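Have the viewer open as you read.

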Amino acid sequence: MKFLILAAATLAVFPAFPSFAQDVQGRNLAAGCAICHGTEGRAVTRDVVPLAGLPKEHIVTQMKAFRDGTRPATVMHQIAKGYSDSQIDALAAWFAAQKR
Amino acid sequence: MKRRDFLKLAGAVSMAGCASAVPSRARVVVIGGGFGGATAAKYLRLWDPSIDVVLVERENAFTSCPISNLVLAGYSSMQEISHGYDALRRHGVQVVNDEAVAIDATKKTVRLGRGGDIAYERLIVSPGVDFNFGEVQGYETAMNAGRVLHAWRAGPQTLALRTQLEQMRDGGVYVLSIPQAPYRCPPGPYERASMVAAYFKQAKPRSKVLVLDANPDVTSKAGLFKAAWKDLYPGILEYRGNAKAVGIDAASSTVKLEVEDVKGDVLNVIPPQRAGNIAQQAGLITTNNRWCDVDWRTMESKAAPGVHVLGDATLSAPAMPKSASMANNHAKIAAAAIVEILGGRTPAPMQILNTCYSFVSQKEAIRVSSVHAWDEKDRTLKALPGGGVSAARSEAEGTYAWSWARTIWADSFG
């Protein structure tokens with residue numbers, strides 16, 4: 001549970017870090033993405049972008065661009081439509097906190 | 001059971017007749033090492049390493065149904081679709097190479113085929129499907145004589161079907177019969193028809209693929225499949241809806257439909273399916289004598305408390321296919337819920353997603369995707385608006401289909 005250790009360490013330095021409950025929410029939302037982006041966002045092939053350790057803002061921007069159709073895609077435009085702003089925020093924060 | 005497994009489990013397994021051992025830390029037993037069970041075992045260990053996870057699986061390796069249709073065409077190999085359990089062992093999962101033959105949900109024990117009981121705190125049953133051979137008269141006799149195959153559980157039958165296709169004369173007829181939905185992998189039969197047609201086109205161009213579908217029409221990605229067949233396999237692939245197989249005559253190599261008989265050189269009849277035998281044996285089947293209803297917030301069985309059922313064996317939620325992607329996602333619901341329950345907390349419902357890629361030629365694929373969320377009013381998972389299929393078949397989707405396969409294999413078994 002690397003993220004737990006990381007979360008605990010981050011908590012000590014930044015008291016404003018999201019609570020454990022939110023971390024579980026992000027983890028659970030992100031778990032579905034693993035079938036294409038790899039366990040904990042560590043990609044298995046070179047055909048998809050590894051999400052682990054990507055800046056949170058980048059993930060949020062891309063997900064919203066897929067959702068509103070400004071970034072063309074084979075699949076992500078359909079997947080992104082299933083996630084609200086706050087869900088995107090939670091999963092992006094979780095991926096950003098993962099080791100590459 | 002291998003001696004090594006037995007020694008590790010010495011505290012866990014008591015020989016038949018002895019009192020079952022009480023585990024010192026919470027133990028979750030997982031029955032079935034497919035996409036559902038393997039993923040659940042791995043994610044339980046990832047999300048709470050204090051949980052003792054025992055996976056009971058009768059095979060030494062898993063053979064993936066996804067990509068197995070490409071083996072039939074010669075575009076992939078048995079080796080490529082086989083996945084062992086060593087990586088799960090490295091995650092700290094105790095893999096027991098044995099068959100679970102009985103479950104006692106009151107005593108919370110699982111009986112192993114070679115003797116002994118394993119005690120559990122929570123049980124996950126991910127049994128896949130077994131077949132209702134009896135619904136197609138003469139099936140088992142013909143199958144035992146090697147005259148009909150289903151190859152709907154990837155493994156020896158996949159290889160046997162490949163061999164029959166290779167040995168078939170040019171000008172022969174391959175008959176593929178599809179049961180009424182629901183069955184494992186809705187687009188799978190149509191992908192298989194496409195792959196065999198691609199092989200014939202290249203190697204035996206006078207041969208035919210005859211699809212006999214018990215359903216009135218193609219049940220998944222219909223427009224995309226039919227466009228591919230029209231463009232790529234005219235004169236090779238013929239599709240007939242409302243054509244339900246009711247019997248097989250091995251001697252004349254014939255599939256009997258309700259109104260006529262159809263002769264073929266290679267008979268590939270996919271029988272109707274139900275939750276795997278152990279689910280039936282343990283009384284987990286709740287619906288139509290076939291499927292296991294669950295609470296979609298936790299995957300807990302509606303028939304047995306403390307028992308979670310995953311994958312193809314479940315009574316699917318609305319618009320939810322029986323797919324590898326779904327079984328993998330079911331496993332994550334169960335793993336997250338069990339971690340919360342064992343920690344004394346209440347699990348929150350999870351949102352999950354599905355994607356099924358299907359090849360229509362060696363390089364081109366098509367896809368369907370959906371996101372499923374808990375609906376508090378109807379108390380089930382429902383497909384959210386926004387999902388859909390590929391714009392068109394493409395090599396890009398083909399590349400992503402391979403990427404998905406390699407990635408989900410690694411996510412579930414790696």
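## Ground rules

This is a predicted model, so to speak plainly about cut-offs: local features need pLDDT of at least 70, side-chain atom pairs count only at pLDDT 80 or more, and totals for chains, interfaces and linings use all residues. Residues are numbered from 1 along each chain as its sequence is written, chains are lettered from A and ligands numbered from 1 in the order in which they are written, and side-chain values use heavy atoms, with hydrogens and water left out.

## Chain A against chain B

On the chain A side, 26 residues are in contact with 36 residues of chain B (contact means heavy atoms within 4.5 Å). Together the two chains bury about 2,700 Å², and carbon and sulfur atoms give 60% of that; buried area here is the accessible area (1.4 Å probe) that two parts lose on being put together, summed over both. In chain A, the residues losing the most area to chain B are A:Ile35, A:Thr74 and A:Gln78, together 25% of what that side buries.

Elements giving two or more residues to this side of chain A are α2 (20-31), α3 (34-37) and α5 (76-80). Helices are DSSP runs of H or I with at least four residues, strands are runs of E with at least two, and both are numbered from the N terminus.

## Two domains in chain B

Chain B is assigned domain 1 (3-130 + 274-347) and domain 2 (136-271), with bounds from an automatic or database domain assignment. Their C-alpha centres lie 31 Å apart, and the contact takes 19 residues from domain 1 and 21 residues from domain 2.

The area buried between these domains is about 1,800 Å². On the domain 1 side, B:Asn69, B:Leu72 and B:Lys322 supply 35% of the buried area, more than any other three residues. Across this interface the rule finds 2 salt bridges and 9 residue pairs in polar contact. Helix α3 of chain B gives the most to the domain 1 side, with 6 residues.

## Salt bridges to look at

Over all chains the count comes to 30 salt bridges. B:Arg153 pairs with B:Asp130 at 2.8 Å, N to O. B:Asp86 and B:Arg89 also pair, their closest N and O atoms 2.8 Å apart; both lie in helix α4 (residues 86-90) of chain B, 3 residues apart, about one turn of the helix.

B:Arg114 lies in the loop between β8 (109-112) and β9 (117-119), and B:Asp98 in the loop between β6 (94-97) and β7 (100-104), so the pair ties together parts that are 16 residues apart in sequence. B:Arg114 is exposed at 52% relative accessible area, whereas B:Asp98 is buried at 3% (buried means under 20%, exposed over 50%, partly exposed in between; 1.4 Å probe, protein chains only).

Notes. A salt bridge is a side-chain nitrogen of Lys or Arg within 4 Å of a carboxyl oxygen of Asp or Glu. A polar contact is a pair of N or O atoms within 3.5 Å; within protein, one must be able to donate a hydrogen and the other to accept it, and residues adjacent in sequence count only if both atoms are side-chain atoms.
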